[in-house]
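Let's take a look at this protein together. Have the sequence and the 3D view ready as you read.

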Amino acid sequence: MPRILSIDYGKKRTGLAVTDPLQLIAGGLATVSTSTLFNFLIEYLKKEDVECIVIGEPRQPNGNPSENLQRVLSFVSRWRKEKPEIPIVLYDERFTSVMAHQAILAGGAKKKTRQDKALVDEISAVILLQSYMETKKRKQQNLHEQRND
């Protein structure tokens, strides 16, 4: 079964996460410089089978677009033009960074680790991917239940 990859797209750094081949667990993949992201993904796809890419749709808590949304949409547009065979899906990423910080704190990380922005980006991508997978699973269960009614 192919993997699902997620992107927590940032102005300078981008966190990446990926599922295991059975799409059961999301795990951190890397944090890369945003300027090298496209090439990193192309190289990754040469080694791994990926079903789709989930990219965080940056929004403010009130739902309005954040300042980073235009950069994300530009990346999505480029991806769809150059790699149309691998779909890319926008998914609400509100609060993933806050949740990543909380997870690092809950894990008892030392101060230096808690300040590692690359780690926060990668964990944000994991949270984004896990949320996407849970939503996808709920939708599949709802469809299954509707068919059985």
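## How confident is the model?

Among the elements of the protein chain, helix 1 has the highest mean pLDDT (97), while helix 4 (residues 111-114) has the lowest (52). Here pLDDT is the predictor's confidence in each residue, from 0 to 100, and helices (H or I, at least four residues) and strands (E, at least two) are DSSP runs, numbered from the N terminus. For the protein chain, the mean pLDDT is 85, with 82% of residues at 70 or more.

This is a predicted model, where local features need pLDDT of at least 70 and side-chain atom pairs count only at pLDDT 80 or more, while totals for chains, interfaces and linings use all residues. Residues are numbered from 1 along each chain as its sequence is written, and side-chain values use heavy atoms, with hydrogens and water left out.

## The two sides of helix 1

Find helix 1 (residues 37-47): Leu37, Phe38, Leu41, Tyr44 and Leu45 are buried there (under 20% relative accessible area with a 1.4 Å probe, protein chains only; exposed is over 50%). They sit on the same side of helix 1 because they cover an arc of only 125 degrees around the axis, going by the directions from the helix axis to the C-beta atoms. On the face turned away from that buried side, you'll find the exposed residues Asn39, Lys46 and Lys47.

## Into the core

The largest nonpolar core has 21 residues, and Ile7, Phe75 and Trp79 touch the most other members. Such a core is a set of buried Ala, Val, Leu, Ile, Met, Phe, Trp, Tyr and Cys residues joined through side-chain atoms within 4.5 Å. Helix 1 gives the most to this core, with five residues.
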